[in-house]
Amino acid sequence: MSLLAGGPVAAPAEGTDRYRAEYERRAAARSAEPAWLGSARQTALERFQATGFPSTREEDWRFTNVAPIARTAFRSAPERDVRRVSRPDLAALTFAQGEGEGPRIVFVDGRHAPELSSSNDTEGLEVRSLREVIAREPQRLQALLGRDTSTGGPFPALNTALFDDGAFVHARPGTVVAAPVQVVFLSTGGDGEPTASYPRTVVVAGRASQLTLVESYGGPEGARYLTSAVTDVVAEDGAVVDHYKVQRESTSAYHVGSMTVRQGRSTGFSSHSIALGAALARNDVDQAFTGEGGECVLNGLFMAGGSQHLDTHTRIDHAVPQCTSRELYKGVLDGRARGVFVGRVLVRPGASKTDAHQTNKNLLLSREALVDSLPQLEILTDDVKCKHGSTTGQLDPGALFYLRSRGLPEAAARSLLVYAFASDLIARVKVKALRAGLERYLQSHLPSPLDGDAKEAAL
Amino acid sequence: MGERRGGGRADPVMLEIQNLQASVGGNTILRGVDLTVKAGEVHAIMGPNGSGKSTLAHVLAGRPGYEVTGGHVLYEGRDLLALKPEERAREGVFLAFQYPVEIPGVSNVYFLKAALNSIRKHRGEPELDAMDFLSLVKDKAKLVDIEESLVKRPVNEGFSGGEKKRNEIFQMAILEPALAILDETDSGLDIDALRVVASGVNQLRSPERAIVLVTHYQRLLDYIVPDFVHVLLDGRIVRSGGKELAEELEARGYEWLQPVPAPGR
């Protein structure tokens with residue numbers, strides 16, 4: 001079966017054979033899956049083999065060179081060994097969000113680890129292993145997992161072909177889930193050989209339900225691995241979903257994550273993406289309004305140093321009238337780090353009364369740090385309120401002088417200004433334990449530590 | 001604290017500026033400023049736009065990019081120009097900014113406590129704890145009629161022009177400098193705000209403290225009566241006098257004053 005319209009079957013793109021071999025190795029595991037899933041996987045694999053890894057000649061990847069991923073011989077992680085993973089590891093990764101504050105489902109090297117997970121007793125909420133749902137009630141996933149993922153690019157295709165497991169989170173209509181659901185993907189890095197995992201997460205918020213979800217990705221510092229993740233979020237009419245993604249992969253690891261969001265009528269969706277780890281990370285958010293009256297908030301903070309490369313691409317699709325979107329991404333880059341923000345807001349014909357704001361602000365702390373910022377507004381209708389903006393700069397010398405003139409040492413003054421730049425995004429995190437953890441992280445990654453809580457309004 | 005103040009008594013000259021020359025971005029602004037300020041005195045430095053008033057204020061506070069190309073500044077007998085901005089602050093120099101900087105996400109009280117404790121540490125005094133600091137804040141807030149809610153908000157963020165200026169004087173009250181330089185603290189203030197700010201400054205006048213007011217208008221000097229008035233013109237002080245000089249300037253403008261030739265040093 002060829003996916004290249006009108007052409008003969010092309011030779012597989014370079015570097016993709018080992019992924020086909022991986023696919024073949026999983027044949028036994030796939031045999032129990034429904035035919036529609038097998039077909040989707042096959043299509044995705046062929047798509048991936050036809051295109052191969054993207055090159056910087058492609059518009060979508062012009063700022064990010066994935067050659068280090070393409071040339072590494074990643075293997076699937078060996079049978080999961082959760083003994084490698086301790087609860088303190090987990091606590092560090094999840095910023096010590098308390099256990100028992102909500103259901104938590106944990107995956108180690110892409111495989112479900114029930115012994116590290118905590119149970120869910122919320123009526124109307126399911127938090128399960130995706131594999132288990134595929135085995136028992138596959139029909140519930142057909143619409144999401146059976147669809148053609150070819151528009152998402154090579155990495156989501158690779159995920160569809162090779163995902164082994166992931167989280168299935170479902171809120172029944174009308175369910176209000178008070179505590180945040182934690183979905184944790186931990187990589188161990190295996191025995192030193194580079195490993196890969198392809199976690200897949202499906203989130204369905206039923207009509208008029210309310211759900212908060214925290215996705216965390218991470219691994220021990222120094223470990224080399226690839227996480228190629230896909231998350232699909234569906235907010236049915238009237239649902240409210242707050243989504244958080246915390247990326248703290250090892251700074252020797254690669255992370256490519258893609259999230260699709262489909263928002264029905266009168267839904268509220270917010271996403272907070274915190275990217276701190278990985279040698280190279282790409283984060284895609286692909287959102288679309290499918291019903292009127294929706295509100296979407298995309299917030300993000302990326303902080304990188306050393307030679308890290310953190311790339312974010314977001315797409316907001318105002319396909320229908322009367323929807324509002326607000327986007328704010330901030331980057332803090334030190335050392336030789338490079339950041340990329342490409343944000344596209346599309347207002348389709350007929351999407352009148354659209355109200356869209358998009359902002360990207362970046363702070364460069366060294367001469368070698370670099371950011372490419374490309375906010376894009378594409379407005380194909382009248383009667384809309386849209387604006388966007390992008391700023392990139394260094395610490396304001398006037399502000400530095402102001403602080404020093406009051407007696408603060410230069411390092412402390414710099415820290416305070418970096419904190420001031422980044423902290424408003426952390427302040428937007430509504431999950432208290434996560435917000436506190438991110439505050440601590442930010443403060444400990446400043447040029448010099450702050451003494452106490454800079455936000456404290458009262459003493 | 002005894003050391004510094006003790007030094008002041010032994011030698012009443014707090015600030016001695018000798019033939020100070022400075023440039024900003026390659027443009028020469030100060031062309032030889034001489035000024036002597038003693039503890040307890042209030043000096044007003046007046047002059048038209050572009051005469052170098054603000055440059056002088058910033059050079060004294062140590063703003064990077066303001067290059068001193070000649071002359072000396074002695075502060076309590078020490079070479080002020082050799083000190084970093086934060087070291088000057090710890091030694092008791094304070095600049096009230098014409099355009100205070102907004103720092104979102106950092107509360108005013110946090111910032112001030114960090115500043116005060118860094119100064120106290122330098123003086124060998126114990127750092128203030130939260131309770132002591134809070135009572136100090138309550139005490140000093142009255143001085144400039146600043147609302148406590150303003151004190152707890154992020155530094156200058158969303159403050160009106162008048163609130164920012166009041167906040168500067170509030171900071172001065174907390175940090176208790178020996179030498180306060182007020183850079184156009186009156187600019188943009190309505191008469192009510194000006195009265196409040198002036199009253200705050202007047203309450204901070206003391207025999208141990210010197211104040212240098214940089215201003216464009218005589219109006220401020222109706223409320224803060226200076227001991228000396230100096231006219232800065234084209235980077236030099238061309239005339240000095242008592243408070244009556246300010247009234248003369250108000251009546252006649254600056255045109256009648258001519259730049260003086262460089263002093264023959």
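How far apart should the ends of helix α4 of chain B be at 1.5 Å a residue, and how far apart are its end C-alpha atoms? The 15 residues of this helix (residues 108-122) should span 21 Å, and the end C-alpha atoms are 21 Å apart, which agrees. The expected span is 1.5 Å times one less than the number of residues in the helix. Helices here are DSSP runs of H or I with at least four residues, strands are runs of E with at least two, and both are numbered from the N terminus.

This is a predicted model, in which local features need pLDDT of at least 70 and side-chain atom pairs count only at pLDDT 80 or more, while totals for chains, interfaces and linings use all residues. Residues are numbered from 1 along each chain as its sequence is written, and chains are lettered from A and ligands numbered from 1 in the order in which they are written.

**Chain A overall**

- Chain A has 11 helices and 21 strands.
- The radius of gyration of chain A is 22 Å, close to the 23 Å from the globule rule for 459 residues, so chain A is as compact as a globular protein of that length. This radius is taken over C-alpha atoms, and the globule rule is 2.2 Å times the number of residues to the power 0.38.
- Along the principal axes, the C-alpha atoms of chain A fill a box of roughly 70 × 55 × 50 Å.
- Of the 459 residues in chain A, 51% are buried. A residue is buried if 20 or more other C-beta atoms lie within 10 Å of its own, exposed if 12 or fewer do, and partly exposed in between, with C-beta atoms placed from the backbone.
- Among contacts in chain A with a separation of 6 or more, 82% are between residues 24 or more positions apart. Two residues are in contact if their C-beta atoms, placed from the backbone, lie within 7 Å.

**Domains of chain A**

- The domain assignment gives domain 1 (17-291) and domain 2 (395-454) in chain A; such bounds come from an automatic or database domain assignment.
- The C-alpha centres of domain 1 and domain 2 of chain A lie 32 Å apart.
- Domain 1 of chain A puts 13 residues into the contact, and domain 2 of chain A puts in 9 residues.
- On the side of domain 1 of chain A that touches domain 2 of chain A, at least two residues come from each of β9 (210-218), β11 (240-248) and β13 (268-275) of chain A.
- That side of domain 1 of chain A consists of 7 nonpolar, 4 polar and 2 charged residues. Ala, Val, Leu, Ile, Met, Phe, Trp, Tyr, Cys and Pro count as nonpolar, Asp, Glu, Lys and Arg as charged, and the others, Gly among them, as polar.

- Of the 18 residues of α10(A), 14 are buried, and the helix is mostly covered.
- A:Y419 lies in α10 of chain A and is buried, with 22 other C-beta atoms within 10 Å.
- A:Y419 and A:P447 are 28 residues apart along the chain, and their C-alpha atoms are separated by 9.9 Å.
- A:H112 lies in strand β3 (residues 111-112) of chain A and is buried, with 22 other C-beta atoms within 10 Å.
- Not counting residues up to four places away in sequence, A:H112 touches A:F107, A:S129, A:R131 and A:D165.
- A:H112 and A:L417 are 305 residues apart in sequence, and their C-alpha atoms are 42 Å apart in space.

- Chain B has 10 helices and 12 strands.
- The radius of gyration of chain B is 18 Å, close to the 18 Å that the globule rule gives for 265 residues, so chain B is as compact as a globular protein of that length.
- Of the 265 residues of chain B, 47% count as buried.
- The buried residues of α4(B) include B:Y110, B:F111, B:L112 and B:I119.
- α4(B) is followed by B:G124, which has a positive phi, near 80°.
- In the contact between the chains, 27 residues of chain B meet 26 residues of chain A.
- The largest share of the side of chain B that touches chain A comes from α4(B), with 6 residues.
- By class, that side of chain B has 19 nonpolar, 4 polar and 4 charged residues.
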